Each structure stands twice: as structure tokens, then as C-alpha cells.
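Biologist: Could you take a close look at one part for me, the place where the two chains meet? Walk me through it in one go.

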Amino acid sequence: MSSMFDPIHLSRRHLLQLAGTLTAAGTLPLITVRPVQATPAMLTSAIRNLVGEANVRVGKVRLDIPPLVENGNTVPMTVSVDHPMTAESYVKSIHVFNEKNPQPNVANFHLTPRAGRAQVATRIRLADSQKVVAIAKLSDGSFWSVSVDVIVTLAACTEETP
Amino acid sequence: MAAALVNVPAKAKRGAVIEIKTLMSHVMEPGYRHTAAGEMVPRDIVTSFVCRFNGTEIFRADLFPAIAANPFLSFFTTAGESGRFEFEWIGDNGFVANASAAITVE
């Protein structure tokens with residue numbers, strides 16, 4: 001085996017650079033994907049940072065996100081919590097995490113009893129097919145969570161600028 | 001440069017739960033991308049968003065590079081009295097943008 005095909009030395013960048021020189025120079029965009037990626041361990045520690053030693057129960061939280069995403073650059077996401085919003089008992093905050101973006105945090109939303117409904121929508125980036133986790137903190141200090149697996153065809157975040 | 005779009009109902013019944021939608025035009029450069037020359041593109045994102053009603057904070061968000069370009073946020077609030085919503089976006093490189101919208105509650 002020649003050293004060129006040694007998997008340690010043959011990166012995707014090399015391959016694409018090779019492809020770039022084979023086609024008319026500059027017509028093929030070079031994609032320089034960095035190995036930067038959060039790990040499931042980083043996800044776990046980010047969640048630990050939020051909840052501390054508290055027990056996180058599954059339920060109450062609903063995460064609406066397309067299961068199959070064509071373009072990871074804008075993925076619509078709605079997170080809602082099935083819990084009343086009264087002065088005595090309400091959803092204090094909603095935290096969204098991911099597994100494989102360069103960093104595990106997506107967003108934190110801070111609500112008040114005056115929200116009326118614990119629901120927030122935004123658009124996010126997903127760098128890879130991965131798990132997205134939403135955790136709600138209630139006014140009584142309890143945590144509720146949901147996790148959704150999303151398949152991404154075209155990744156976001158780490159691609160080269162035009 | 002910074003253009004905000006906010007969508008708040010002009011009128012609402014007292015006690016009604018209304019939806020507020022906001023969109024801020026911003027590149028949200030995540031800081032993990034490289035140019036063709038291999039240089040890292042520095043991070044430039046909106047890091048926080050606050051909505052206040054008549055001076056009281058009613059919704060706040062901490063945003064990370066995982067938020068898509070032109071950050072869109074939709075959330076809810078209960079219409080209690082007539083007044084003014086104020087929106088503020090704060091980001092990297094001293095980015096600050098504001099918007100406001102009035103509501104009549106009857």
C-alpha cells in the first residue's frame with residue numbers, strides 16, 4: 001500500500017484538494033470540515049451543569065423538529081412544555097442541547113408565569129445527524145426532558161465560507 | 001444594517017395568550033468555519049435576546065452558534081394591559097439592536 005492511501009494521512013481535505021486540481025481550478029468548492037465536534041460526554045456534562053444532582057424525568061416536554069433534515073443550516077424547531085403557567089407553578093426555563101455540533105448548547109429560554117404558554121420556536125443549525133435534547137426547569141425545581149433523533153443530509157456549521 | 005422584524009398583534013382581549021414573533025437579520029457566523037485559505041472565520045453571533053413589556057422582562061433567550069442565521073424567535077405572553085413591548089438583541093463585536101411594538105388590550 002502506498003503511503004498516499006494510508007488512512008491516517010489521507011484526509012477528506014486532501015481528497016477534495018486532489019479533486020479540485022483535477023477539475024478546472026477553483027470551480028469545485030473546497031470543503032474544509034474540521035474535526036471539531038461535541039461528544040456525547042460533553043452533552044452529558046452540559047446537562048449536569050444545568051441540573052446539578054437533580055433527577056431529570058422524561059416527559060412533559062415536546063420537541064417538534066423534522067426527523068429528516070435536508071439542510072442543516074436552518075432547521076425549524078418548536079419546544080413546548082405541557083404544564084400550566086400560573087404564578088404558583090410555571091415553567092422557569094427551557095434549555096436545548098445537541099450531541100454533535102461543535103458545542104453542546106443550542107439555546108436557553110427564560111420564561112415567566114406571564115408567558116401564558118410554555119412554547120418557544122426558533123431555527124437551529126445541525127452539523128450532523130444527532131440527538132437533540134430539550135430540558136424544562138419548573139418553578140418547583142424539577143426537570144423534565146425529551147430527546148429526538150434527527151437525520152441531517154447536508155451538514156451546517158463547519159463548512160467553508162463562499 | 002441590523003433590521004428587525006417583529007410581529008405583535010395590535011389588539012388583544014384582556015387575558016388572551018398572544019404569540020410574538022421576532023426576526024433579526026444577522027449572519028450568526030458560528031466561528032467554526034474556515035475560508036478557502038484555511039483561516040478561521042471569527043465568531044459573530046447574537047448572544048442574547050430580551051423582550052420587556054412596560055419595562056418588565058417577560059422573555060429572555062441565551063443564543064449559541066447553533067442558532068441559524070437571521071435568528072427567529074417566537075414565544076407567548078398573556079395580554080394584561082395596553083402597553084409597549086421592547087425587544088433587544090445583543091451580540092459579539094458590540095452588536096446591539098432594538099425594536100418595539102405597541103399593543104392595545106381591551
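Modeller: Buried area here is the accessible area (1.4 Å probe) that two parts lose on being put together, summed over both. By that count, chain B and chain A bury about 3100 Å² between them, with 52% of it on carbon and sulfur atoms. Keep in mind that this is a predicted model, where local features need pLDDT of at least 70, side-chain atom pairs count only at pLDDT 80 or more, and totals for chains, interfaces and linings use all residues. Residues are numbered from 1 along each chain as its sequence is written, chains are lettered from A in the order in which they are written, and side-chain values use heavy atoms, leaving out hydrogens and water.

Now the contacts (heavy atoms within 4.5 Å): 34 residues of chain B meet 33 residues of chain A. Between chain B and chain A, 16 residue pairs are in polar contact, both at pLDDT 80 or more. On the chain B side, strand 3 (17–24), strand 5 (56–63) and strand 6 (72–78) each supply at least two residues that touch chain A; strands are DSSP runs (E, at least two residues), numbered from the N terminus. Strand 3 of chain B also holds B:Thr22, which counts as buried (under 20% relative accessible area, 1.4 Å probe, protein chains only) because its relative accessibility is 1%. Among the residues B:Thr22 touches are B:Phe72, B:Leu73 and B:Phe75.

Key:
A polar contact is a pair of N or O atoms within 3.5 Å; within protein, one must be able to donate a hydrogen and the other to accept it, and residues adjacent in sequence count only if both atoms are side-chain atoms. Helices (H or I, at least four residues) and strands (E, at least two) are DSSP runs, numbered from the N terminus. Buried means under 20% relative accessible area, exposed over 50%, partly exposed in between (1.4 Å probe, protein chains only). Lists of a residue's contacts leave out its neighbours within four places in sequence.
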